[in-house]
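Thanks for coming. I will go through one structure today, a few parts in turn.

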Amino acid sequence: MVVGVTALAVAGCNAQPTQITILATNDIHGGIEPGVASDGTVEGGLAAFSGTVKAIKAGLKIRLGDQAGVLVVDAGDQFQGTLISNYNEGRLVFEAMSRVGYDVAITGNHDYDFGPVGWLQDAPTTPDQDPRGALKAALAVAQFPLISANTFLTSSLQDAAGDQVQVDQQGCVPKVMPDHQPVIDWSKAARPDFLKPYLIKEVAGVRVAIIGIDNVFTPTTTTAADVGDLCFENEAEAYLRVRSELDGRADVFILLIHDGETDKTHDLSVQIQSLMSSAKPRQGAIVDAVISGHTHYTYNRSVAGVPVIQSGANGQAYGRVDLVYDPKFGGIDPSKTRSYAGIRTFQNRCAAEAKDYCTVDAASHVVMYEGVPFQNDDSITQLIAKERQAIASLAGQVLGRAAAKVVVNRVDESALADDLTDLLRGISAADVALMNTGGIRAPLDQGDVTYEALFRVIPFNNHGVVIGPMRASALLKALSQSAQTCGSYGALMQSGLKVRIQKDCDEPANRDHVDPKGKLIHVETLDGKVLLDDTGACPPPGPGEDPVLTVATLDFIAAGGSGYDMFKGVPEIKDIGIVREAMKDLLSSTPKTFKPGDMDGRWAVQKPPPH
């Protein structure tokens, strides 16, 4: 129970420093089962993480008694990635997380992917179906809340006079009216009923506020129909407003955010620095620790004295932050803060990142966390085994063979993208097929390609649609946008065209994962029809010549997903159903051999000539 003053405050000068340990995961994406490390040892999975949590809690209790407590949090995207996590639409993941003892989690953009209940639902969403029905059903088994302070029902946004304010979904930014700029009265704004903005929990007598912030780009990174009635407010503005509301109600403030940094961009660091510099004076710190997600990177940084961590993805690792609340300061003692990220859990050894609190008993060879023996959580192992048995026949269906490992590539042509787009073009009979590389999530390992392996590659239930007639000029705009990416967003891989691009992703100036000078220099159809030429080698299309094409793509892209707005409004000719299932049906009757070297140069990239 949260009370008005802390137990520490009541204790006054006799109060001792208290350690608050945060154990954090992010972007589990259904990776709840253990994997195999490069040396052949077993690693990861929620059963191992649960055992680690229990050992750390017990060890801190022995060492520090009532002067320590543990919070277990997750920074979003708990499912969407494995068949076993999607088969019952996230309920297995939330039940396993409940057994771990998670205190709180935030939504990620992929939490909204399921839509209405029915994971293989093949009919379009209708008005009588809840677009977040599957997520709500999964939450019914969760013993922890989902939070997000910047997610709002757009219909609830009003000004001070009670008039509804029209906003853009991205940022909840009011649309400018002819005669004035509306201002939202946030006191009247409502969130979806399954979300709260924050959680305040007393940890060893210290009131800890965890404020959740979802990704502002969620409207373009999930199925549009599932979030069509929501907007996602600017992350920093939402945090500061809620943080101000909590003045005097908490002692420690944690930002749990489904946004993060990459190896080249530090947008989150900029936001945190802005928070620290622009906030008005108030009681306590603005933020004491940041647990981030979304970008799948591993980092452990200090930004303006605040620890900022992210720990990879797919259930392979976790992070830890130790904060020490000192009543003499009335807040966190930064000199005693310790943070760790990307910590893997092994059955028989300690990860290097955990050397400060993990040892292996010399006699028994048992791994010890905080001096307490580690062991897997058998209840989670059994829970997963039961579900594994239920999906066995579906998971093991053989659809082909991989001659060797076939890898993914978010920026350049790959054999896997070529194969998948060729399959889509063959199924749809369209002139051109397009898939975003961000939706191609995993490689194919050498050996049999089973349905479960295909599911890891394409875990999302996006429908394949044929749209058209689409002007070549509009298609070229999409390809031009795709041509500039150096990794900040997925490229559009294609079948049915020959594309040549000029860009330099190694140029130091392109640190934001985009080459703004990147451009298409040649595009032609497979039968030799030139749609664009900037090389001088071929005659360009004649004046006014703008042929029309039929295009097969994902409904996500057709709705403008990943920022490809040029597809919006193009008429839909047909819906071929969930694209993965359509591919499965074809491969069931005509198995395919996937080869890593099978590329035909359809997406050729060359560097610009030297100046």
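**A sheet of three strands**

Let me start with an open sheet of three strands, in the order β25-β23-β33, where the pairing is mixed. Strands β25 (447-450) and β33 (592-594) are at the edges with a single partner strand each, so one side of each has no neighbour in the sheet. On average, neighbouring strands here are turned by 35 degrees against each other, direction ignored. This is a predicted model, and please keep that in mind throughout.

Within this sheet, β23, residues 398-402, pairs with β25 in the antiparallel sense over four bridges. Which residue stands opposite Arg401 in β25? That is Asp448.

**A second sheet**

Another open sheet also has three strands, ordered β7-β12-β8, with mixed pairing. Its edges are β7 (151-153) and β8 (170-171); each has a single partner strand, so one side of each is left without a neighbour in the sheet. Three bridges join β7 to β12, residues 230-233, and the two strands are antiparallel. Here Leu153 is found opposite Leu230 of β12.

As background, strands of a sheet pair through backbone hydrogen bonds, either parallel or antiparallel.

**Strands β24 and β27**

Next, β24, residues 432-436, is joined to β27 by four bridges, and the two run antiparallel. Opposite Ala433 we find Ser495 in β27. Are the side chains of β27, residues 492-495, buried or exposed? Leu492 and Gln494 point one way, Met493 and Ser495 point the other way, and all are buried.

**Helix α2**

Now a helix. α2 covers residues 46-64, which is 19 residues, and spans 26 Å from its first C-alpha to its last, close to the 27 Å expected at 1.5 Å a residue. Its buried residues include Leu46, Phe49, Val53, Ile56 and Leu60. Ala47, Ala48, Ser50 and Gly51 are also among them. After α2 comes Gly65, with a positive phi near 60 degrees.

**The whole chain**

To finish, the overall numbers. The chain has 14 helices and 34 strands. How does its radius of gyration agree with that of a compact globule? For 611 residues such a globule would have a value near 25 Å, and the chain has 26 Å, which agrees. Along the principal axes, the C-alpha atoms fill a box of roughly 85 × 70 × 60 Å.

Of the 611 residues, 55% are buried. Among contacts with a separation of 6 or more, 75% are between residues 24 or more positions apart. The chain exposes about 24900 Å², and carbon and sulfur atoms supply 52% of that.

Note on methods: Residues numbered from 1 in each chain as written. Predicted model: local features only at pLDDT ≥ 70, side-chain atom pairs only at ≥ 80, totals over all residues. Heavy atoms only, no water. Pairing = 2+ DSSP bridges. Buried < 20%, exposed > 50% of the residue type's maximum accessible area, 1.4 Å probe, protein only. Axes fitted to C-alpha atoms, helices over the stretch in contact; angles between N-to-C directions. Expected span 1.5 Å × (residues − 1). Rg over C-alpha atoms; globule rule 2.2 N^0.38 Å. Contact = heavy atoms within 4.5 Å. Areas by Shrake-Rupley, 256 points an atom, 1.4 Å probe, with all protein chains shown as cover.
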